[in-house]
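Reader: I am new to this structure. Could you walk me through it, please?

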Amino acid sequence: MKKRSLQEPTSLILCAVADRPRHGYAITQEVKTISDGRVTLRTGTLYSALQRLLEDGQIQVHSEETVGGRARRTYALTPQGRATLAAEAERLRATAAEAERRLGAHRPGPRGATA
């Protein structure tokens, strides 16, 4: 049985921590950058997703510090999370390639040309 594809916010969070550990606010900013401003994670959405990803072993707490009297955790991708993100990237590549193939089959020819 194949695993389900990731929801977009989840794949964006994994992508955001793939190159280096980040804390919550930095993750939201990175997701906004990666998605070209299309996806803005709300705090509740972010932290519930982070908790789920922690429980699933996709990410881990990299460090914890106190900043301004508040705990700040940074999160990093685990080897399992890296494999999950790589599989998702491959799935998206295959889907995009198939879409392009099908669109290419139906491109109109030069003006005035007949088939």
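**Around Ser 11**

Reader: Which residues does Ser 11 touch, not counting residues up to four places away in sequence?
Author: Contact means heavy atoms within 4.5 Å. Leaving out residues up to four places away in sequence, Ser 11 touches Leu 6, Leu 85 and Glu 88.

Reader: What kind of model is this, and how are residues numbered?
Author: This is a predicted model, where local features need pLDDT of at least 70, side-chain atom pairs count only at pLDDT 80 or more, and totals for chains, interfaces and linings use all residues. Side-chain values use heavy atoms, with hydrogens and water left out, and residues are numbered from 1 along each chain as its sequence is written.

Reader: Is Ser 11 buried or exposed?
Author: Buried means under 20% relative accessible area, exposed over 50%, partly exposed in between (1.4 Å probe, protein chains only). Ser 11 has a relative accessible area of 13%, so Ser 11 is buried.

Reader: Where is Ser 11 placed?
Author: Helices are DSSP runs (H or I, at least four residues), strands too (E, at least two), numbered from the N terminus. Ser 11 has its place in helix α1.

**Helix α4**

Reader: Which residues in α4 are buried?
Author: What covers the buried residues of α4 includes α1 (8–16) and β3 (70–77). The buried residues there are Gly 81, Thr 84, Leu 85 and Glu 88.

Reader: How far apart are the end C-alpha atoms of helix α4?
Author: The expected span is 1.5 Å times one less than the number of residues. Helix α4 (residues 79–105) has 27 residues, so it should span 39 Å. The end C-alpha atoms agree, being apart by 39 Å.
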